[in-house]
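Have the model open as you read.

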Amino acid sequence: MNIAARILRWTGWTLHVDAPDYPRCIICVAPHTSNWDFIIGKLAYAATGRKAGFLMKKSWFFWPLGYFFRAIGGIPVPPRGSGGDLVQTLIDRFNSCSRLTLAITPEGTRSRNEHWRTGFLRIAHGAGIPIVLGAIDFRTRSIYLDKTFTPSGDIEADMRAIKQYYRPFTGKYPDKFAL
């Protein structure tokens with residue numbers, strides 16, 4: 001058992017992993033209502049012996065945190081409307097790598113947001129990669145990486161199916177989680 005698994009066990013968290021270790025995939029993570037989601041999520045994935053990068057607001061990449069976040073797999077996301085096409089950039093990145101796993105929180109914020117961002121679906125469909133659904137359930141102190149979702153290209157139908165998966169889970173701040 002590695003140190004991440006020991007920390008999770010010591011703090012009362014249980015990890016449920018049924019999804020394969022895909023060489024290239026997106027991990028869709030929800031609910032995202034607290035900064036603790038990041039810490040617990042990183043510990044959970046490290047406990048499996050796997051590595052994953054993550055997207056984070058560019059404003060967090062200031063010195064010295066920027067070096068730290070990049071070292072642990074962070075990819076800075078520029079503010080909306082600042083130019084560039086993040087979705088296409090990430091599709092290209094997936095297409096040029098033999099191994100890349102990227103965790104994305106579709107809510108895009110820790111605040112209540114019923115309108116989840118669709119970029120992760122467009123990236124997965126465009127790169128032809130699976131999405132692993134991951135949940136952090138504070139009510140049961142359980143972390144799940146247990147379902148693989150293959151996007152169809154129908155963004156609305158895919159989003160409905162993904163949100164349905166997350167219905168039973170509770171974030172640290174339940175009032176901030178919206179489907």
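## About the model

This model is predicted, with pLDDT of at least 70 needed for local features and 80 or more for side-chain atom pairs, while totals for chains, interfaces and linings use all residues. Residues are numbered from 1 along each chain as its sequence is written, and side-chain values use heavy atoms, leaving out hydrogens and water.

## Helices α1 and α2

Let's begin with α1 (residues 3-10) and α2, which pack at about 125° with their axes 7 Å apart. Helices here are DSSP runs of H or I with at least four residues, numbered from the N terminus. Axes are lines fitted to C-alpha atoms over the stretch in contact, and angles run from 0 to 180 degrees between N-to-C directions. The two helices are therefore oblique to each other (under 35 degrees is roughly parallel, over 145 roughly antiparallel, 65 to 115 roughly perpendicular, and the rest oblique).

On the α1 side, A4, A5, I7 and L8 make the contact, and on the α2 side I40, L43, A44, A46 and A47 do; contact means heavy atoms within 4.5 Å. By class, this contact has nine nonpolar, no polar and no charged residues. Nonpolar covers Ala, Val, Leu, Ile, Met, Phe, Trp, Tyr, Cys and Pro, charged covers Asp, Glu, Lys and Arg, and the others, Gly among them, are polar.

## The second largest pocket

Helix α2 (residues 36-47) turns up again here, giving six residues to the lining of the second largest pocket, the most of any contributor. A pocket is an open set of points on a 1 Å grid over the protein atoms alone, where a 1.4 Å probe fits, with protein on both sides within 12 Å along at least five of seven lines; lining residues have an atom within 4 Å of a point.

The space in this pocket is about 250 Å³, a volume being the space filled by probe spheres set on the points. Of its 13 lining residues, K42, L43, A46, R50 and I72 lie nearest the centre. The lining comprises nine nonpolar, one polar and three charged residues.

## Helix α5 and its partners

Helix α4 (residues 86-96) and α5 cross at roughly 40°, their axes coming within 9 Å. That makes α4 oblique to α5. Here V87, L90, I91, F94 and N95 of α4 meet G119, R122, I123, G126 and A127 of α5.

Helix α5 (residues 119-127) also crosses α6 (residues 155-166), at roughly 115° with axes within 10 Å, so these two are roughly perpendicular. F120, L121 and R122 of α5 meet I155, D158, M159 and I162 of α6, a set with five nonpolar, no polar and two charged residues.
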